[in-house]
Amino acid sequence: MSETKLTAVVLAAGKGTRMHSSRPKVLQTLLGEPMLHHVYAALTPSGMDVLTVIGHGADMVEAAFPERQGTFVEQTEQLGTGHALQVAWSAVEATGATHCLVINGDTPLITPEELEKLTSVAGTCDLAFMTITPRDPASFGRVVRDEDRRIRAIVEAKDFDMNVHGSVTGEVNAGIYLLRVDTVSALLDQLENSNASGEYYITDLVELAVSGGLVVTGVQCGDDPSLMGINSPRELITAENTLRRRIVEGLIDRGVLIHNPDTVIIGPDVTVEPGAEIFGHCEIYGTSFVAAGARLGSYNHITDASFAPGCEVRQFNHLEGAEVGEGVQVGPYSRLRPGAVLKKDARVGNFVEIKKSVVGEGSKASHLTYLGDTEIGAGANIGAGTITCNYDGKDKFKTEIRDGAFIGSNTALVAPVTVGRDALVGAGSTITKDVPDQGAAIARGKQVNLKRRLKKS
């Protein structure tokens, strides 16, 4: 028997009218990622080639996944799922695949383990598909079996007629198929659009295969909600909540301490090590990393940030693209923007904003400060109200504050400028020139006390 080679075709050309959005349906997000991203993640462990059929909003879909350029096939006319597969079929054959896995791009809850149930039957049949028995079959295609429980056909809900197709069994098509390339190829040209929608259905391949004497298998998956597609905002929200619970409960089972877990949101690409501690309400997205021993307080919004052992992020902070080092304390009410790096034992307090800056080991910016395009050495102190003036309306400039420097409150550092090692800047200064190592600088108007004239009563 020849070795099985799989290629996946993801159907992502539909508009998703019921979503009431200008974005293609597959770009609607769950936990901060497009639903198509979740489908790709489920396919990745298998190592199979992946082709994506796009149509409505094709440019938007391609732009969302630049790393997949060259794997998109455009369906210029959306004439149904069967037509989408016809459009992609030559690309499937070009991969040298023996079997083609077809999956809808609106099934973001699918897992690699569930796909394995289907791909494991590759050597036993010509066509296989996954079936479910949901409490509400809604608009899913009905699975028709004969008296011996053998598959006869899949009939779309709007075309189902009990007088013709028999009684309702509750078993419906999940929309995920495994096709043997050399035997199914001949069936694609036999698809017709003589149905209520006037479209070419991929489901009709089942009846054609049965009529042609091919082996057809239905892989029954109970009422597994992860196989159900998303067609409306309500279904999207339900799926997102299901995925959120799955991720949070999985982390708890692996040793992450999550307080008030019903209010914690963690994205699918976030890594949290056992021994980390998270308090709800907290949202963590992107490729964030939380090390064992890190502690994240309530009401934090985090994207693409990393947290080293022993750090503590207090309440009410916004962090994006930041690196929080070992023993660092952040917040409350801090904003760390992309490029913010806080080294070991640094302190960043309330109403401090940091962008594209390094705060050195043990340095402090405790409150009411803006640091942009700044490099701060070890053991420096940044007084309240300090700002780095890094932008002149055209270009950005760098500020350097070296080890042990002390910046007095309400100081403006006009970049490019350097404050030397162990230097002192007096409160209220506007610094436009470099301050030497161990030097002192003060740049403010001279105080004048005036005699006050009081009105006589």
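How many salt bridges does a search of the whole structure find? The search finds 14 in this predicted model, and the views below show some of the residues involved.

**View 1. Salt bridge between R337 and E353.** The closest N and O atoms of R337 and E353 are 2.7 Å apart. This pair links distant parts of the chain, 16 residues apart: R337 sits in the loop between β25 (335-336) and β26 (341-342), and E353 belongs to strand β27 (residues 347-355). R337 has a relative accessibility of 24% and therefore counts as partly exposed. E353, with a relative accessible area of 22%, is also partly exposed.

**View 2. Salt bridge between D373 and K355.** The two side chains meet at 2.7 Å, N to O. D373 lies in the loop between β29 (364-372) and β30 (374-376), whereas K355 is in strand β27, so the pair ties together parts that are 18 residues apart in sequence. Both D373 and K355 are buried.

**View 3. Salt bridge between E375 and K398.** Here the closest N and O atoms are 2.9 Å apart. E375 is part of strand β30, and K398 lies in the loop between β32 (387-389) and β33 (399-401). The pair links distant parts of the chain, 23 residues apart. E375 is partly exposed, with a relative accessible area of 36%. K398 is partly exposed as well, its relative accessible area being 45%.

**View 4. Network of salt bridges joining D126, R180 and D182.** In this view, salt bridges link the three residues D126, R180 and D182 in a network. Side chains of opposite charge can pair when their charged atoms come close.

Technical notes. Residues numbered from 1 in each chain as written. Predicted model: local features only at pLDDT ≥ 70, side-chain atom pairs only at ≥ 80, totals over all residues. Heavy atoms only, no water. Salt bridge = Lys/Arg side-chain N within 4 Å of Asp/Glu carboxyl O. Helix = DSSP H or I, 4+ residues; strand = E, 2+ residues; numbered from the N terminus. Buried < 20%, exposed > 50% of the residue type's maximum accessible area, 1.4 Å probe, protein only.
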